[in-house]
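Please examine the structure shown below.

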Amino acid sequence: MAKNTPVEPLPSVPVRRSSFSARFIRDFALNKHLYLMMIPVIAYYFIFHYAPMYGAVIAFKEYSPARGILGSEWVGFAHFNDFFTSYYFWRILKNTVIISLLTLCFEFPTPIILALLINEVRNQVFKRTVQTITYMPYFISLVVICGMIKDFTNAGGIINNLFTYLGYDGNAMLQKPELFRPIYVLSEIWQRIGWESIIYIAALMSIDPEQYEAARMDGANRLQQMWYITLPGILPVIVIMFILRMGNLLNVGFEKIILLYNPAIYETADVISSFVYRKGLLEFGWSYSSAVGLFNSVINLMLLIAANYISRKVNDTSLW
Amino acid sequence: MKKSANISDALFDTVIYVLLLLLVAVTLYPLIYVAFASVSEAGRLVEHKGFLFKPLGFSLEAYKSVFDNKAILIGYRNTFFILAAGVTINLLMTSLGAYVLSRKNVMWNRFFIFFILFTMFFSGGLIPMYLVVRGVGLLDSLWSTIIPFAVNTFNLIIMRTAFMAIPVELEESAKMDGASHFTILFRIILPLSMPVIAVMILYYAVEKWNGWFYASIFIKNRDLFPLQLALREILIANSTENMTTGADNADRFQIGETIKYATIMVATVPILCVYPFVQKYFVKGVMIGALKG
Amino acid sequence: MRHKQKTVIAAIVTVLWLGVLLAACSSNSSAPSAGNQPAQTEPPKSGTSATEGEGSGGVTYPIQTDVTLTYWLELTGNLVGVKASHDEVPFFQELQKRTGVPLKFISVPNGKAKENLNVMLASGDYPDLIEYNFLDFPGGPEKAISDGYILKLNDLIDKHAPNLKKYLQEHPEIDKMVKTDNGNYFAFPFIRGDDYLRVYQGPIIRKDWLDDLGLPVPETIDEWYTTLKAFKEQKGAAAPFAQVGVPRPFNELGNGAFVGAFGVTRDFYLEDGKVKFGPMEPGYKEFLATFRKWYEEGLIDKNIATIDMKAMDANFSTGATGATVQNTGAGIGRWQPLLAEKDPKALLVAAPYPVLNKGDRPFYGQKDQPFSPGGMVAISASSKHPELAAQMLDYGYSPEGHMFYNFGIEGVSYTMEGDYPKYTELLLKNPDGLAPAQVFSQYTRANYNGPFVQDRRYIEQYLVLDTQREALEVWSQTDVDKHKLPPVTPTPEESTEFAKIKTDLDTLVDEMTLKIILGTEPVDSFENYVEKMKSINIDRAIEIMQAALDRFNKR
């Protein structure tokens, strides 16, 4: 059966024998070199990601360092229960989701817009300069960035003064719960816009300039060209990035939150990761944070699957 | 007709330039702040609040403190090695994976993708990771920060997406000429994906450059500490929060601030230089020639 | 081709199985080592350590031995950037010479002790000596012993650590603290040997301003009000009173300053043998109301919730702030020179902990426990030379060891002036320009902790300014001894429950405190918050603490 027939790219003729083993063998004959190429990668994932994965059970145990992970006592869902019945559970979940959605809504598009704008610039020097400078905040230590934000928004700070001039009451802006989310999202944009635009700029390179020519001849202005050519050109990349972002929805990183928040604004600023962090300061808590992490991961994965599914139906870009 | 097109074009251009200039001003500021702070006089920096548009006085004390520490030079050496060896391995592995995963009609691909994606969500944590690294004998070596991180799944997916965008025709004509997969990958796909490769180099280089956490767990030999780890130690030791009791003279408290900024400069400026280099690979329409020719 | 197919399949399968094997092997290695628990209650069986001197009595140092002990410990922040590892530090070199026991150091990066401990435990490579805060161990030190990780030291101390044994017999209150509820010793402790060493924090105020305004150092809440008002109106202070806001708002007030005037603290405290929780008590409401008034009138820094040390530095050096609560070192020691540079007349002094009525003694104040969390050293259960380890560690508590740990090497780091050990210029005015903290840590362990008893004559010289020394006197005048909880430990089962309640509780208390003081919520919302505390189970938390206290008292 497994005759060594010459390889053909796409079988457009329906095959009569559609049993699994037959397909398996044909596929193998067809693609064995590919599988060979894949070995190092799969081996890597197996050794360094799957082999250690048993450690995830720590979420179901009362971890004692002396006994190790496997030897620690089994407590089932006790940690999850602790987490779900925490007085603040709904609040931190709500805050996490809201901050994530706001970021998705407002911060996600900005690098794309930046990439489009940069693409329109003719002057090479200006173009290079903009690219190089706009991504710098991403590299400056978060401690410094947050220090600046606090400085600017405190009573007497530059931004605070500006708004006071426009009618604001002049109190430290990071002491007001309703101001936290805007400050957070805006500063995310500030930090990330340059760095995240890089991939879109790269994707823009692959668009055929001839399409622009054709459009110009048809009388399209720059804005229309952007809308009908450029944007669709990088749509696959945008969609993939979006799906991946959905898979990270519950991961609002705690470092920045911790540097910016304070108890006066916990009601909008306290998220899952910052809460777990404070708990970790009181006790070792590896099991607890593991359990919370597991919860996060499960939800994130479900979101990813959903996003991927929808994307597949709507257009044909998807992860699988 | 042409005149109005020109005017609308010019308007368009102006708007873009203005927006971009504003953005540049706002994103340049943090670096300027850090740069000026790092050469300011410690005493004046401590009492300063608000904008910093020029250094407060001038003093290289902070840099002297940082570079006096020979751990910095050792750190640079180690990190450069990690970058060179690490990014090379990263590119190789990621390209292989992205290539295979981007082929059509490969039965196992769906499984592979899920197999790999799954690891983005679930991991065993630090201790099992430590045990595995120990088990393969990589402890206390620079390779412990390279091999266990040979592929970044996020990057893999991006590269795969890029490969999938290359027209099938190119591949098919090569196959008809008898090319093997390796040839296709290296002679056709990679050259056409230069912008994405450039981005990958940037992403992986930054990841390697900034890494310190795993090094602090896997490496005990101080001669092998990467730069960021050495810098962190200096930062913590001079951290104004850490000085709680006793007779430390005020100078040491003050210089802690400028040292923080000097450290950031030392840690950041080199990697900032990578992007300009990599930008020249962002070349438009490389592929078009391939189709026509 | 067929053969090639087979090879490929074989290759894949092999790799997969390799991975599984690796995982199995590496995970197994952690279990057995934890499972091999030598019996801790009987004396260790290893008889190969050669120790000279009398059997159970004193050992003469240096001990004649060629056994090397491994010593796992963090490199202190004071030495980061100065020395790369413990082998290079003069103190540790000399320690080996004096005790006669060669040591192999495993230097843990500063600040990374927790992660490294976990990893070390998991790996099964156990050293002989482990310097780590075992009070912080999950489940407490009792669990560390019962899980077979460190040794119960009772017999070892009894037979091989006569110096420590003697000290503990002479100080039964300390003896209680260094044991677990079951009466087990688990580590060679760091003890602050004198009350003078235990107090280092309190209210600080600008005396020069007070003098200019003709005001005395404030003692009562009312006097503070007048003083702060005068600072604001006559000295132009934008933030007369400021306080660091991290990790908790009004951070240092947790040690009783200002809050104590109302007869409560921010946390658990003792009243006539009963455990109480401050924020639930009416006194706390009055405190909140007072501070709220002060905030409204601009006597407290407007940015109070976001202040960190850097902001405090700026506040003081620009004359925006005149008073705060801080440490003698991080506060007076740090800001005095800063201020003096700009204004030679500036003077920071300690103010007493505030009270409500003149003449009252402050209810509470900062005072560290004599048994301090840092610096304790345990002996691992798998050590082959526990008696030698105990003897080596006991050196710190012997008379010469005491002088060595505290003052270093005679003739190099200190000289005797009569009976008083005086630190040399090498330490106090280092010719290479090193800060005192850095040199002290090279020759002694006095300024960061370790397995020994700290001597007060260290701090008397370490504090450079008179104001710093006087501060300790002023801040010691409180009733904290009557109200502070001793270092109690909940049982392992209770401690998880307690930790859960505490996180929620601290979040609530901090929110309530800030919101009422900032004026976002009215003072009367206090009762609401207390209701919330009850629904978080504060009563259960108090119960747990009370039980722990009762057990402690019975030790």
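Just after α6(B), Gly137(B) adopts a positive phi of about 80 degrees. This is a predicted model, in which local features need pLDDT of at least 70, side-chain atom pairs count only at pLDDT 80 or more, and totals for chains, interfaces and linings use all residues. Residues are numbered from 1 along each chain as its sequence is written, and chains are lettered from A and ligands numbered from 1 in the order in which they are written.

Q: How many of the 10 residues of helix α6 of chain B are buried?
A: Helices (H or I, at least four residues) and strands (E, at least two) are DSSP runs, numbered from the N terminus. A residue is buried if 20 or more other C-beta atoms lie within 10 Å of its own, exposed if 12 or fewer, and partly exposed in between, with C-beta atoms placed from the backbone. The buried residues of α6(B) include Ile127(B), Tyr130(B) and Arg134(B). The helix, residues 126–135, is largely enclosed by the rest of the structure, because the buried residues number nine of the 10.

Q: Within what arc do the buried residues of α18(C) fall?
A: In this helix, residues 466–476, Gln468(C), Ala471(C), Leu472(C) and Trp475(C) are buried. They line one face of the helix, because seen down the axis of α18(C) (directions from the helix axis to the C-beta atoms) they fall within an arc of 100 degrees.

Q: Which exposed residues does the face of α18(C) turned away from its buried side carry?
A: The buried residues of α18(C) pack against β5 (201–206), α12 (328–342) and β9 (348–350) of chain C. Turned away from that buried side are the exposed residues Asp466(C) and Glu473(C).

Q: Which helix of chain B gives the most to the side that touches chain A?
A: Two residues are in contact if their C-beta atoms, placed from the backbone, lie within 7 Å. By this criterion, 76 residues of chain B are in contact with 70 residues of chain A. With 16 residues, the helix that gives the most to the chain B side is α1 (residues 2–38).

Q: What distance separates the centres of domain 1 and domain 2 of chain A?
A: Chain A is divided into domain 1 (21–73) and domain 2 (88–314), with bounds from an automatic or database domain assignment. Six residues of domain 1 of chain A are in contact with five residues of domain 2 of chain A. Taken over C-alpha atoms, the centres are separated by 32 Å.
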